[in-house]
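Please take a moment to look over the sequence and the 3D structure shown here. The briefing below goes from the chain as a whole to a few selected places in it.

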Amino acid sequence: MKIKRNAWSIPYIVFLIIFVVFPLILVGIYALADADGNFTFANVARFFSDSDALSTLALSLDIAIETTALCLLIGYPVAWILANREFNHSGVTIVLFILPMWMNALIRTLATAQLFNMLGFTPGRGTLLAGMTYDFLPFMIYPIYNVLLKTDQSYCEAAADLGASPFKVFRKVVLPLSMPGVLSGVMMVFMPTVSTFAISEFLTNNKIKLFGTIIQENINSSMWNYGAALSLLMLIIIGITAFVATDERDTEEQGGSAV
């Protein structure tokens, strides 16, 4: 009996339905229902009148943007050095940067918090940004490194032959061609940081509350409907971010193919 090739996708489709689609449907149902199960927009409307939730969301977006910017400022030069064979002759260096990803994020966070305590740093915004940058930096480095490694070096050589300086080669050739990796890295850092809660609790001793913490508090207090509404709003924000980033990445790839 010959099995059709598309039959191999059935287990994955079942997995997605059970663990992705069904939970998202439940979030939507709880978000648009009251305690008695009646349809309502009151939970969503409550968010826009909840000053604490609005300010926490603004803080979460601010922290996520700053963390993403720090990861990009540190990660891009590192990825460029790792992808440049003149500076990096061994795969061991790459493994050392990717190695933290092999460890559970909470373990890394607890170790970072303990290190800050040993050094006498006061828990707060600074320790939160430093810890989150450390946790998510590999997620910025690897996509950029992967794109830079696959970049056709003939473009750089052609630009140099035409008289372009090394800086101009980087600005006009390397940077535009690496933008798909940059956008992927931005997505991989921004989306988890904007919704995290455990990392901020450990690194600031609960001094800074992010949006994920509010969702957790409502769920733990059995306020499932309002917690689901907050989760739905967070999903919408992340979905819009992913859509914009994907659209920009497609544009960059089309532009890069025309270089």
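Predicted model: local features only at pLDDT ≥ 70, side-chain atom pairs only at ≥ 80, totals over all residues.

Along its principal axes, the C-alpha trace of the chain spans about 70 × 65 × 40 Å.

**The chain as a whole**

- Of the 259 residues in the protein chain, buried residues make up 37%.
- When contacts between residues at least 6 apart in sequence are considered, 74% of them join residues at least 24 apart.

**Helix 1**

- Helix 1, which runs over residues 10-31 and has 22 residues, reaches 30 Å from its first C-alpha to its last, and this is close to the 32 Å expected at 1.5 Å a residue.
- At Ile17, helix 1 bends by about 40 degrees.

**The nonpolar cores**

- The largest nonpolar core holds 33 residues, and Ile144 and Leu148 are the ones that touch the most other members.
- Two or more residues of this core come from each of helix 3 (51-83), helix 4 (91-98), helix 5 (105-119), helix 6 (125-150), helix 7 (153-161), helix 8 (166-195) and helix 9 (198-204), with helix 6 giving the largest share, ten residues.
- Leaving aside residues up to four places away in sequence, Leu148 touches Tyr76, Ala79, Trp80, Ala83, Gln153, Val174 and Ser178.

**The largest pocket**

- About 500 Å³ of space lies in the largest pocket, and its lining is made by 17 residues, of which Trp80, Asn84, Gln153, Cys156 and Val174 lie nearest its centre.
- At least two residues of this lining are supplied by each of helix 3, helix 6, helix 7 and helix 8.
- Trp80, Gln153 and Val174, which are among the residues lying nearest the pocket centre, are also among those that Leu148 touches.

**Two loop residues with positive phi**

- Asn206 lies in the loop between helix 9 and helix 10 (211-220), and its phi is near 65 degrees, a positive value in a residue other than glycine.
- Asn206 counts as exposed because its relative accessibility is 55%, where exposed means over 50%.
- Ser222, whose place is in the loop between helix 10 and helix 11 (224-257), has a phi near 65 degrees, which is a positive value in a residue other than glycine.
- Ser222 has 54% relative accessibility and therefore counts as exposed.

Methods
Residues numbered from 1 in each chain as written. Heavy atoms only, no water. Helix = DSSP H or I, 4+ residues; strand = E, 2+ residues; numbered from the N terminus. Expected span 1.5 Å × (residues − 1). Bend = angle between axes of the 7 residues up to and from the residue. Core = buried A, V, L, I, M, F, W, Y, C linked by side-chain atoms within 4.5 Å. Buried < 20%, exposed > 50% of the residue type's maximum accessible area, 1.4 Å probe, protein only. Contact = heavy atoms within 4.5 Å. 1 Å grid on protein atoms, 1.4 Å probe; cavity = no way out; pocket = protein on both sides within 12 Å on 5 of 7 lines; lining within 4 Å. Points joined across faces, edges and corners; volume = space filled by probe spheres on them.
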